[in-house]
Amino acid sequence: MSKDDVIEVEGVVVEILPGTNFKVKLTNDHIITAYLCGKMRQHTVRVSVGDKVKVAMSPYDLNKGRITYRNKG
């Protein structure tokens, strides 16, 4: 799977889980489990409940995703 095959959606962090996993509520009211991408871990970007995030999802598994961006403010 290449980087062009991902589905990017926006959502809001609802719950923080152990191991830097998060429950994210998408704009279409689905709740998925998401983890931080490598660059966000490397630069220690803090994500908390209520943050608006951009999630990249695989078209093969729509229940998991990767948080790629945290909106400021």
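Where is the place of Asp 29? Asp 29 sits in the loop between E2 and E3 of a predicted model. The protein chain contains 1 helix and 5 strands, and its elements follow the order β-β-β-α-β-β from the N terminus.

**Overall dimensions and surface**

- The radius of gyration of the protein chain is 11 Å, which agrees with the value near 11 Å that a compact globule of 73 residues would have.
- Along the principal axes, the C-alpha atoms fill a box of roughly 30 × 30 × 25 Å.
- Of the 73 residues in the protein chain, 26% are buried.
- The accessible surface amounts to about 5,200 Å², and carbon and sulfur atoms account for 51% of it.
- Among contacts between residues at least 6 apart in sequence, 51% link residues at least 24 apart.
- The side chains include 12 positive and 8 negative ones, and the centres of these two sets are 8 Å apart.

**Nonpolar core**

- In soluble globular proteins, nonpolar side chains tend to be buried together.
- In this model, the largest nonpolar core comprises 14 residues, and those with the most contacts inside it are Phe 22, Val 24, Val 47, Val 53, Val 55 and Ile 67.
- Two or more residues of this core come from each of strand E2 (21-26), strand E3 (31-36) and strand E4 (52-58).
- Beyond residues up to four places away in sequence, Val 47 touches Val 13, Ile 16, Phe 22, Leu 36, Met 40, Val 53 and Arg 70.

**Lys 23 in strand E2**

- Lys 23 belongs to strand E2 and is partly exposed, because its relative accessible area of 27% falls between the limits of 20% and 50%.
- Although Lys 23 and Val 13 are 10 residues apart along the chain, their C-alpha atoms are separated by 6.0 Å.

**Loop residues with positive phi**

- Most residues other than glycine have a negative phi.
- Asp 29 is not a glycine, yet has a positive phi of about 70°.
- Asp 29 counts as exposed because its relative accessible area, 59%, is over 50%.
- Thr 44, also a residue other than glycine, has a positive phi near 45°.
- Thr 44 is located in the loop between helix H1 (38-42) and E4, and with 59% relative accessibility it is classed as exposed.

How values were computed:
Residues numbered from 1 in each chain as written. Predicted model: local features only at pLDDT ≥ 70, side-chain atom pairs only at ≥ 80, totals over all residues. Heavy atoms only, no water. Helix = DSSP H or I, 4+ residues; strand = E, 2+ residues; numbered from the N terminus. Rg over C-alpha atoms; globule rule 2.2 N^0.38 Å. Buried < 20%, exposed > 50% of the residue type's maximum accessible area, 1.4 Å probe, protein only. Contact = heavy atoms within 4.5 Å. Areas by Shrake-Rupley, 256 points an atom, 1.4 Å probe, with all protein chains shown as cover. Lys, Arg positive; Asp, Glu negative; His and termini not counted. Charge placed at Lys NZ, Arg CZ, Asp CG, Glu CD. Core = buried A, V, L, I, M, F, W, Y, C linked by side-chain atoms within 4.5 Å.
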